[in-house]
Amino acid sequence: DINIAAVVGNQPVCESTDNGDLPSYVAVFIEKEVGNDLKSLKKLDKLIEQMTESKMQLEEQAISSEIPKRIQSALKNAEESKQFLNHFLEQESHLFSSINSHLLTAQPWIEDLGAMINQIEEIERHLAYLKWISQIEELSDNIQQYLMTNNVPEAASTLVSMAELDIKLQESSCTHLLGFMRATVKFWHKILKDKLTRQEIYPYFMEILAQLHWPFIAPPQSQTVGISRPASAPEIYSNLETLFSQLLKLQTSDELLTETKQLPEKYSLPASPAVILPIQIMLTPLQKRFRYHFRGNRQTNVISKPEWYLAQVLMWIGNHTQFLDEKIQPILDKVGSSVNARLEFSRGLMMLVLEKLAADIPCLLYDDSLFCHLVDEVLLFERELHSVHGYPSTFANCMHILSEETCFQRWLTVERKFALQKMDSMLSSEAAWISQYKDITDVDEMKVPDCAETFMTLLLVITDRYKNLPTASRKLQFLELQKDLVDDFRIRLTQVMKEETRASLGFRYCAILNAVNYISTVLADWADNVFFLQLQQAALEVFAENNTLSKLQLGQLASMESSVFDDMINLLERLKHDMLTRQVDHVFREVKDAAKLYKKERWLSLPSQSEQAVMSLSSSACPLLLTLRDRLLQLEQQLCFSLFKIFWQMLVEKLDIYIYQEIILANHFNEGGAAQLHFDMTRNLFPLFSHYCKRPENYFKHVKEACIVLNLNTGCALLLRDVLQSTSGQPPATAALNEVGIYKLAQQDVEILLNLRTNWPNTGK
């Protein structure tokens, strides 16, 4: 909508166009103000000003009329909100007063109820206390009644229930109740155990075992039980099951009351429960035999013969395995026990061995031969115990005894001493640098000298000896010993190598190089072994605690970018590279000496290919190629494949640069000279290496491309030269070079080679 206001004199004229009749209104207005008098047009400027002013007044009026309405509405809303707020405040005040009044009224009730609740809670505690006492007394009365009626099995079952209650009460702070419970369990346990083990069951149990010829001293093949079973065997085994089960019921209370006999804390044996009572009884005759033969002044108790008692224990375990698995284990399974009869039996015998070792080791700690022999026998015993009899490494074993600080440090010292002696003997052996498998081609790929293979076998044996140690810290100490031995062996190899430096292509020098390569390769393989990866993780934790490595090194270890052998491998790789470089330099010097005549060849005046019936090798190139061939054959036989590959590739790299710079760039070539060079290189030099790779010319990139440039036909050479001169450094120049097979040489090098050609046409310039 458009509102137009006009002021005529002092009378405003307003018309609304809400009805949409704006054109007619405008026409009437113009007719009235202007009419037919053209001179009235002079009023237009004044009319426009009046109209503009009227418009502004109308807008101001509209605004001034709208704002008060909004303000009025806002004030009204605020007033209503204020009234609501006052109403709520009045309600809150009234409610607050009511609550305070109610609290004051209820305060005596709260105090009375609180006192009553405290009394109720205390009564409940007393009641619970009395219930526990009543329960204990009820169980105690039941045991007494069962014993009075000579019902020992039920009495034992009730004692098990009482012992389980004792276990549940362990977290209680009621010390008197705990003491009463423990005293009651101890009282009945002593009576029942005495009744079962001494008066009734024990003699009968031992009698049953005697009927089964327990213990089995002879091997299983010669045992009478199981081969010729007596007629009463079913009854014997039934009685065995009954007695075994009754003795087993005392196990819970026996564990509560009997302190397990433990070796001193310095051996850090893992916590373990006592051997179950029936197995303890079955072990009794064997324990007596062990102590009789291997303690005191018996002839069988010889400190230098640990294999005697170790072999005896292994034999006992083997003799009883079948019986324990077939007759005892089903009884344990039937009563719902998780105990493994065979392992429980082995655990009981193992404690005899641990006690014997703990007593003997201090007596032979400083006798190297005896101590070393003891360690060897213990390791053999442990290996058979775990592999043949399935004894878990988490149970107490001989490695815990060997891990005791004094014994362990002595073990490390002896291990180092004998390893160094072994290294001395292997390096001084006449066959030290000869491969054991030199006559077996498919086995002797690495061409490993005997000393290196013996050394790595020594390290492997050391790993086998310590890998079952119970703690990672002990294993890491042995790992450091291995790394020290590797470093010592590397130093010894370096010393021998320096003595052979003058004969860097000799047999011994190559054997040393093969040894270094073999040790480095094996260590790299070991770095990916699960055992050493676990040690790497353990080392990472130790380094992180001690802050002995930078964050970068810790990150590399954690991400497996590096390994525990990286330092050793890096040193060996550096030695290998130095030795290979020395060999390459030696051969390269010989080749350069043999190439002196070839360098002086008259490339400028050789006959062209068309003037010769058949192309033949340059006579001056023969010494060069013969020397190269002989050395390649010699080193191929003496170095392992991987080393020889590195060697010939390093040699080719130097040879390529030498021929390019010292022979090609140092001479000018006519057409015949360029063709002869191409023939010598492609038909004689390159094929020397065809046995080692499919395309040997790819390793002589400078020489190959130089021959291409020198042997381009004249037209192509002229065209290429013009392109290079007109598009220096531009893409078209690169494309032109690629088109003729030039990828390695730079544009400037190609221009130099083109200038070495003498067979340019005479253009009159």
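Select W411 first: leaving out residues up to four places away in sequence, W411 touches F371, V375, L379, M399, L402, R465, L469 and F478, where contact means heavy atoms within 4.5 Å. This is a predicted model, in which local features need pLDDT of at least 70 and side-chain atom pairs count only at pLDDT 80 or more, while totals for chains, interfaces and linings use all residues. Residues are numbered from 1 along each chain as its sequence is written, and side-chain values use heavy atoms, without hydrogens and water.

Next, select M282, I328, W411, F455, L523, F647 and L685, which touch the most other members of the largest nonpolar core, a set of 179 residues. Such a core consists of buried Ala, Val, Leu, Ile, Met, Phe, Trp, Tyr and Cys residues joined through side-chain atoms within 4.5 Å; buried means under 20% relative accessible area, exposed over 50%, and partly exposed in between (1.4 Å probe, protein chains only). Helix α22 (residues 641-664) supplies the largest share of this core, 13 residues. Helices are DSSP runs of H or I with at least four residues, numbered from the N terminus. A second, separate core has 15 residues, among them L139, M162, L169 and L192.

Move on to M116 in helix α2 (residues 44-148). Is M116 buried or partly exposed? Its relative accessibility is 46%, so M116 counts as partly exposed.

Finish at S618, located in the loop between α20 (596-599) and α21 (622-638). S618 is buried, at 7% relative accessible area. Beyond its neighbours within four places in sequence, S618 contacts Y598, E601, Q676 and D680.

Notes:
Helices (H or I, at least four residues) and strands (E, at least two) are DSSP runs, numbered from the N terminus.
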